[in-house]
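Work through the exercises below with the sequence and the 3D structure at hand. Each task is followed by a solution in steps.

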Amino acid sequence: MPAIVQVENVTKTYDGGFEALRNTNLEIEQGEILALLGPNGAGKTTLISTICGLSAPTSGHIRVGGHDVVSDFREARKLVGLVPQEINLEPFEFVMNTVRFSRGLFGKSRNDALLESVLRDLSLWDKRNARIAELSGGMKRRVLIAKALSHEPRVLFLDEPTAGVDVELRKDMWALVDRLRQDGVTIILTTHYIEEAEAIADRVGVINKGEILLVEDKADLLARMGRKEMRIELTETVSAVPLSLKKYDLARVDDGAALVYSYDTRGERTGITSLLTDLQGAGLGLKDVQTRQSSLEDIFVTLVQEASA
Amino acid sequence: MNWNGIRAIYRFEMARFFRSIIQSIVSPVLSTSLYFVVFGAAIGSRIDSVEGVSYGAFIVPGLIMLSVLTQSLQNASFGIYFPKFIGTIYEILSAPISSLEIVIGYVGAAASKAMIIGSIILTTSFFFVDISIQHPFWMLAFLSLTCVSFSLLGFIIGIWARSFEQLNLVPLLVVTPLVFLGGSFYSITMLPPIWQSISLFNPVLYLVSGFRWSFFGTSDVPVVASLIAITGFTTLCLFIVWWIFRTGYRLKA
């Protein structure tokens, strides 16, 4: 099955000459959750805006469901729902009216039963007759999501969905994303929060300065670039790593109160057993041992630094 | 055609109008009544008649035009400027709806509102003066063409404007003088010859003249000229709107 979103050699140059996207290629598979990570100004929002029709690509082609987003915009856009980063809502409008408006705008006939279930899913049903201005920030963000879901999109773009929302709403949002995935909706979300990508994404794309640095399966990425560290706290401080332990390439930290051993999780032998034996042989006493898996955050920082270097 | 989309925009815009129904209706009725009192009763009592029509009745078509022009411009320019201002335009730009359909929705709603207000003023005027409409079909034709063309102009202004100040600038500095100098409250035959000639360059004159002809059968300029003027103006506005969407002028990054 061809990818549901295909971005081919897309470049976007703004009037001032700023190149927001450089020769970008991206394929998004049906039903997956893709997280786009990148620092501010990396081009995440530009990429989404260009796919959704808010800005035209300077060159290159974008297809959604096989339909070109420029020449066949009607068919392409019917499939797409967009939740923008900014809370763009008419303050004096009522929740139900604005959601109904969105559904009509996307060419769908009125279906209040469906809208009811969307609003209930987002805990907005009680607020359906409230004015937007009366809602809290988190509630407004839910209204934006309800608007995007009102026309039953097959591909949903969430631009920084959890920026500035509380922990509870973030968890709700993740649960919603999970439900949508079960319905077969493809989800692309941009985020600064690596924790978020780690929690819900299938694949992770890293974008910086208008270029996609990589797009990879989250688990593969963590396995490939992820390192594990073992921190060994000693009963007595050491002034230097004993020569007998040289082959483990240990790092001495906290003024010799602890040693850190890095190892590859995919290696057949991690070397932990022999290290512990050799530590004992060197006469070092162990107070505590901790292991830590490097997170997407470490990987992300490494990638962006490498790209900037 | 995305009919559901057009309907959604039209309904949404009309709902805004009906939410402020008191303001929407009371204000034109009040201002019209004031015009009748001041121009019709007070000043009009010193003027016998203009081209065989009592002065109070003579100003009715001009009064309707004045309100209809202003309302069309205001409603249409605000209707499209507001989503731009608060950012909700993103949704319209990302929807499977063509520029023509967007224009039909917004301009249709603005023109409808202006039509409703025009009808209210006409009804109000029946309470103050005796008027009969000689050519009802042409009266409706002129009224609706004016509503549509000036709503189109309003739409263009709404897209062009970058601030509320700019939004009010054109109606205030251009349209109001044109309406007042376009023979709304007088016949240009009452002017010195030089001003008569200058008035012929005022597009609003053709609207008011044609509209007044549909009431009383007398006009400042030939009815055909009025028809050509209004049709030409509508076409020009349509062309500009087409160009705006083709180039994405002030709409897309």
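Predicted model: local features only at pLDDT ≥ 70, side-chain atom pairs only at ≥ 80, totals over all residues.

**Exercise 1.** Decide whether D249(A) is buried, partly exposed or exposed, and state where in chain A it lies.

Step 1: D249(A) has a relative accessibility of 66%.
Step 2: The class "exposed" begins over 50%, so D249(A) counts as exposed at its 66%.
Step 3: D249(A) sits in the loop between β11 (228-234) and β12 (251-253) of chain A.
Step 4: The phi angle of D249(A) is positive, about 55°, although the residue is not a glycine. Most residues other than glycine have a negative phi.

**Exercise 2.** Find which residues S214(B) touches beyond its neighbours within four places in sequence, and classify its accessibility.

Solution. 
Step 1: S214(B) is part of helix α9 (residues 203-216) of chain B.
Step 2: The relative accessible area of S214(B) is 0%, so the residue is buried.
Step 3: With the neighbours within four places left out, the contacts of S214(B) are I133(B), Q134(B), H135(B), W138(B) and M139(B).

**Exercise 3.** Describe how helix α2 and helix α3 of chain B pack: at what angle, and how far apart are their axes?

Solution. 
Step 1: The helices are α2 (residues 21-43) and α3 (residues 55-86) of chain B.
Step 2: The angle between them is about 145°, and their axes are 10 Å apart.
Step 3: The crossing of α2(B) and α3(B) is right-handed.
Step 4: On the α2(B) side the contact is made by T32(B), Y35(B), F36(B), F39(B) and G40(B). On the α3(B) side it is made by Y55(B), G56(B), I59(B), V60(B), L63(B) and L66(B).
Step 5: Sorted by class, these residues are eight nonpolar, three polar and no charged.

**Exercise 4.** Describe the interface of chain B and chain A: how many residues are in contact on each side, and what area is buried?

Solution. 
Step 1: The contact involves 25 residues of chain B and 32 residues of chain A.
Step 2: About 2600 Å² is buried between the chains, and carbon and sulfur atoms give 59% of this area.
Step 3: In chain B, F12(B), Y90(B) and P96(B) lose the most area to chain A, together 28% of what that side buries.
Step 4: Four salt bridges are found across this interface.

**Exercise 5.** State how many salt bridges the whole structure holds, then examine three pairs.

Solution. 
Step 1: Over all chains, the search finds 21 salt bridges.
Step 2: E90(A) and R16(B) form a salt bridge at 3.0 Å, N to O. This pair crosses between chains, from the loop between β6 (80-83) and α3 (95-105) of chain A to helix α1 (residues 3-19) of chain B. Both E90(A) and R16(B) are buried, and a network of salt bridges links E90(A), E13(B), R16(B) and K113(B).
Step 3: E152(A) and R103(A) meet at 2.9 Å, N to O, in a salt bridge. The two are 49 residues apart: E152(A) is in the loop between α5 (137-149) and β7 (155-159), and R103(A) is in helix α3 of chain A. E152(A) is partly exposed at 37%, whereas R103(A) is buried at 6%.
Step 4: E233(A) and R231(A) form a salt bridge at 3.3 Å, N to O. E233(A) is partly exposed at 22% relative accessibility, and R231(A) is partly exposed at 26%.

Note on methods. Residues numbered from 1 in each chain as written. Chains lettered and ligands numbered in written order. Heavy atoms only, no water. Helix = DSSP H or I, 4+ residues; strand = E, 2+ residues; numbered from the N terminus. Buried < 20%, exposed > 50% of the residue type's maximum accessible area, 1.4 Å probe, protein only. Contact = heavy atoms within 4.5 Å. Axes fitted to C-alpha atoms, helices over the stretch in contact; angles between N-to-C directions. Left-handed = near helix turned anticlockwise from the far one by under 90°. Nonpolar A, V, L, I, M, F, W, Y, C, P; charged D, E, K, R; others polar. Buried area = accessible area lost by both parts, 1.4 Å probe. Salt bridge = Lys/Arg side-chain N within 4 Å of Asp/Glu carboxyl O.
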